[in-house]
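Open the model in your viewer and keep the selection tool at hand. The tour goes stop by stop.

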Amino acid sequence: MKTEFEKMRGEELYRFSDSEIMASLTHAKELCRRLQTMTINDADYRRVISELIPGLPESSTVCPPFHCDHGNGIHIGEHVFINYDCVMLDGACIRIGNHVQIGPKCQLYTPQHPIDHVARREPQETAYPITIGDDTWLGGGVVVCPGVTIGSRCIIGAGSVVVHDIPDGCMAAGNPAVVKKRLE
């Protein structure tokens, strides 16, 4: 039988009040709290951010303040720069390719609450992964919704809300974000 944590990462309905999930949330919240008083130049920054996001490459930077649900569901490639005040709700995995730039105040949301209003009363949800391809740039304030894949070599205009997949090599903008032109 699957644990609630396994259901969460497996795109199944899960109970977020589960003790294992709550422990993961608590651990991440403590690390995020500690990051709030740091800069990327502080002696303890690399140790704390690497504990929050395991496997974070030395060539990548996540600028505090930064907020996430778990941290262990965030997978960041080489030479990634994530600017100030980003939020990544990583119930499902968030995969960010190499050479990606993410502007300030971007928000990546994997949780999806039930559509039925009665079901929403319960401490349950589903989470769908987000993928961002290599060499992509998200302008400031971009929101990426659950289950979205943004291809490689894309530009997403500032303030856009991405609700559908964006193919490789495209510039997209708006609410909802739509492809404005091919970049190749």
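Select Arg 120 first. Its side chain reaches the backbone oxygen of Ile 115 at 2.7 Å. This is a predicted model. Arg 120 sits in the loop between β10 (111-112) and β11. Show what surrounds it: Arg 120 touches His 113, Pro 114 and Ile 115, leaving aside residues up to four places away in sequence. Is Arg 120 buried, partly exposed or exposed? Its relative accessibility is 44%, so Arg 120 counts as partly exposed. Arg 120 and Thr 3 lie 117 residues apart in sequence, and their C-alpha atoms are 21 Å apart in space.

Next, move to strand β11 (residues 124-127), where you will find Thr 126. Thr 126 is buried, because its relative accessible area is 10% and buried means under 20%. Which residues does Thr 126 touch, not counting those up to four places away in sequence? Select Glu 11, Glu 12, Leu 13, Tyr 14, Thr 110, Pro 111 and Gln 112.

Now select α2 (19-35). Its 17 residues should span 24 Å at 1.5 Å a residue, and its end C-alpha atoms are 24 Å apart, which agrees. At the start of α2, look for Asp 18: one of its side-chain oxygens comes within 3.0 Å of the backbone nitrogen of Glu 20. Then color the buried residues of α2, which are Ile 21, Ser 24, Leu 25, Ala 28, Leu 31, Cys 32 and Leu 35. They cover an arc of only 130° around the axis, so they lie on the same side of α2. Turn to the other side of α2, where Ser 19 and Thr 26 are exposed. Show the packing partners too: the buried residues of α2 pack against α1 (4-9), β1 (14-15), α3 and β3.

Go on to the largest nonpolar core. Of its 40 residues, Leu 52, Ile 96, Ile 102, Leu 138 and Ile 150 touch the most other members. Elements that each supply at least two residues of this core include α2, α3 (45-52), β7 (94-96) and β18 (170-174). A second, separate core has 7 residues, among them Met 8, Tyr 14, Leu 25 and Ala 92.

Zoom in on Ile 96. Beyond residues up to four places away in sequence, Ile 96 touches His 75, Ile 76, Gly 77, Val 80, Ile 82, Met 88, Ile 102 and Ile 132.

Finish at β18. How many bridges join β18 to strand β19 (residues 177-182)? There are 5 bridges, and the two strands run antiparallel. They form a hairpin with 2 residues between them. Pick out Ala 173, which stands opposite Val 178 in β19.

How values were computed. Residues are numbered from 1 along each chain as its sequence is written. This is a predicted model: local features need pLDDT of at least 70, side-chain atom pairs count only at pLDDT 80 or more; totals for chains, interfaces and linings use all residues. Side-chain values use heavy atoms; hydrogens and water are left out. Helices (H or I, at least four residues) and strands (E, at least two) are DSSP runs, numbered from the N terminus. Buried means under 20% relative accessible area, exposed over 50%, partly exposed in between (1.4 Å probe, protein chains only). Contact means heavy atoms within 4.5 Å. A nonpolar core is a set of buried Ala, Val, Leu, Ile, Met, Phe, Trp, Tyr and Cys residues joined through side-chain atoms within 4.5 Å. A polar contact is a pair of N or O atoms within 3.5 Å; within protein, one must be able to donate a hydrogen and the other to accept it, and residues adjacent in sequence count only if both atoms are side-chain atoms. Two strands pair if DSSP finds at least two bridges between them. The expected span of a helix is 1.5 Å times one less than its number of residues. The arc is that of the directions from the helix axis to the C-beta atoms.
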